[in-house]
Every structure is written in C-alpha cells, then in structure tokens.
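Subject: Handover of a structure for your review

Dear colleague,

Please find below the structure that I am handing over to you. My notes on it follow directly after.

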Amino acid sequence: MRRCVVHMALVWTCAAAAAHGHGITADRVDGGAGVRAVYDDGTPVTFSEARLFAPGKEDKPVLTGTTDRDGCFMFRPDTNGVWRVTIDDGMGHAVTKDLQLDGQVIAHKPERDRMPKRYGIVTGLALIFGVFGWFAFLRLKLSGRAGK
Amino acid sequence: MHISEGVLSGPVLASGAVLAAVGIGVGLRRMSVASTPRTAMLSAVFFVGSLIHIPFGPSNVHLILNGIAGILLGWTVFPALAVALFLQALMFQFGGLTVLGVNTVNMALPGVVAYYLFRLVFGIARRPGIVFGLAAILGALTVLLSGLMLTAALALGGRAFLGVAVGIVVAHVPVMIADGLVTGAAALFILKVRPDLLEPSRPEVPT
C-alpha cells in the first residue's frame, strides 16, 4: 500500500511538471508590416473590417480583423510576395492596398500622383460647364439643322 | 454615400448601370438648351458639396444636396449627377467608374421623388414658411432614401440589411439635418428671387 502511494505521488509530480506546457507567454515580435486607411479628408478609417490575403492566395483571407483607432491594420508576413489588404467600413467605402514584400522589407511602389484637391475642384467645375455647354451647343446645332 | 469599387457584385453593378442609363436618357430628353445652365450649376453644386465632410463616429459623411438638385431639375437630375459623380471618381477616387451607375441611381432617384412631392405640395400651399419646411423635409428625405438605396445595394451584395441600414441611417443623421437646412434655405431664397423656378405649372424643363 505504501509503495502504491509513493508510486502515485511520483506519477502525479511528473505529470504536474510536464503540464507547464499549458501556460501562455508572449514575447515582442519585430518585423511587422501594415497599412493605414484614411478618408480623403485625412480622418482615419477606425475600427473597420480588415482582411489580409497572402501572396498567391487571393481567394481566402489568411487573417481578418479590424483597424485600430488610428486606422492602422498590422500583420507579420512570413513569406515574400505581394500581400493584399482590404479595408471596408461597412458603409460602402472600401480600399485595397497591395504590399510588395522582399526580404521582409516593404518595397514601396511609387504612388500615382494625385491632383491636389483645389486643382481638382477647379478642373471639375470647368469640365462640368464644358460638358453641358457642349451639350447645349450640339442641341442648338441639331435643332438648327432640323429647322432648315 | 459613394459606394467604392470592389464592394458590389457584378449583377448589382450591371443593374445599376442599366437603371442609370435609362434615367440619364429620360433626363437628356427633357433637358432643353434653356435649362442647361441650371443643370450645369446644380451639377457643380453637387460636385463641390460632396467635398464638405462631417466626421461621425467610425465613419465619415459628407453633404449630398441631391434634394435641392432634384426639386429644381426633375428627371434632369440624372445627367447632372452622373457627370458630377464621374468627375469625382476620376479626380478624387470617390466611388469608382464601375459603380458609377449604382451611385447615380442612389443619388438621383430620390431627387426625382423629391421633385414630384415638392410639386404636389407647392401647388396647394406656397407661404415662405411652408416652402422652407417642405424643402427642408424633402432635403432630409432624399438623404434618407439614398441611404436606404445604398443599404439595399449592399444587401444585394450579401450583407445583412438591418445592421447596415441602422449604421448608415444613424451615420447620416447629421447630413440629413445639414442637407435639410441648406435645401430649405435655398428654396426660400429661390421663392423670393425666382419663384417661377418652383412653379408646379411650369414644364419640367422650360424650352
């Protein structure tokens, strides 16, 4: 009986010692990548759905989550290639950004230059009046021909 | 209120494009040479008004002003807003070219509804206070209708209608108020300086 109790105690102790694997720890990991989504007036797209697609696997996201309060969505890529991030605020606004990773370093593609907003407004207004002006001109011309 | 590229499915985009084409066709047929400057002016107002943003909660909303455009233009609001939306997509990446049809229908169709409702009531009562209140309500109503149509388009793409609808309507409450006040003030001003523009007896677009 005594031997049995000692044996059980030894087994218990060994099992308890081996059970430390159920614990959980966390360490800092460097080398992440991410995107920041903002509206055109600079306001961050906060707490919106974000999906991450690995290189060559555009059919199913490998990670889903939400942007943070600054509109950022971060991830840690484990392979090189083009990683695609889509962010959707659920109200019809969505953006997709491709990140080219080469040796864990994001190779920034040159962004297409956007026209400054004030130039865009002036150009847009000129085009609007131009388009409708041409329409009126064509209408007049056509009605003039019909009248002859 | 602009739906971005890649959000909607192909059939929804195609349906929107067809409906927008029909609306633009009807609008162009009714747009005379005399009414072209007014159409261009309201297209420009919509183009610039959409750039005025109001941060609201997790999203971001902007003035729409499709109510006043609809009240003054009727069906011609379709080509007016289509041109403005096309240029916004081209220059500011608002919405997109593939969703141009859906966005045009979402913005312009409530404007047409506002036009007929305004004509209906204005024919009966035209005191300044009533005109202001009516235009303000219709300005807010067009934003609400646009929001519901946006929700319906998103729901057709597989999203839960109710959840999205509540989010969009709540997010656009400030826009409804702002659009309503601007529309009411504009209608009041027009009543004083050019009341003939609001006359229900006038042809939809004078020739």
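Two residues are taken to be in contact if their C-beta atoms, placed from the backbone, lie within 7 Å. Please bear in mind throughout that this is a predicted model.

I begin with the contact between the two chains. Chain B contributes 30 residues to this contact, and chain A contributes 31 residues. On the side of chain B that touches chain A, the elements α2, β1 (53-56), β2 (59-62), α4, α6 and α7 (161-171) of chain B each supply at least two residues. Of these, α2(B) gives the most, with 7 residues.

Next, chain A itself. Its secondary structure consists of 2 helices and 7 strands. Along the sequence these are arranged in the pattern α-β-β-β-β-β-β-β-α. Chain A has 148 residues, and 17% of them are buried. If one takes the contacts in chain A between residues at least 6 apart in sequence, 50% of them join residues at least 24 apart.

The buried residues of α3(B) are B:N66, B:G67, B:I68, B:A69, B:G70, B:I71, B:L72 and B:L73. What covers them includes α2 (36-49), α4 (77-92), α5 (100-122), α6 (128-156) and α8 (173-193) of chain B. After α3(B) comes B:G74, which has a positive phi, near 70°.

How do α3(B) and α4(B) lie relative to each other, and at what angle do their axes cross? Their axes come within 9 Å and cross at roughly 140°. The angle makes α3(B) oblique to α4(B), because only angles over 145 degrees count as roughly antiparallel. In this pairing, B:N66, B:A69, B:G70 and B:L73 of α3(B) meet B:V77, B:A80 and B:L81 of α4(B). The residues of the contact between α3(B) and α4(B) divide into 5 nonpolar and 2 polar, with no charged residue.

With kind regards

Technical notes:
Residues numbered from 1 in each chain as written. Chains lettered and ligands numbered in written order. Predicted model: local features only at pLDDT ≥ 70, side-chain atom pairs only at ≥ 80, totals over all residues. Helix = DSSP H or I, 4+ residues; strand = E, 2+ residues; numbered from the N terminus. Buried ≥ 20, exposed ≤ 12 C-beta atoms within 10 Å, placed from the backbone. Axes fitted to C-alpha atoms, helices over the stretch in contact; angles between N-to-C directions. Parallel < 35°, antiparallel > 145°, perpendicular 65-115°, else oblique. Nonpolar A, V, L, I, M, F, W, Y, C, P; charged D, E, K, R; others polar.
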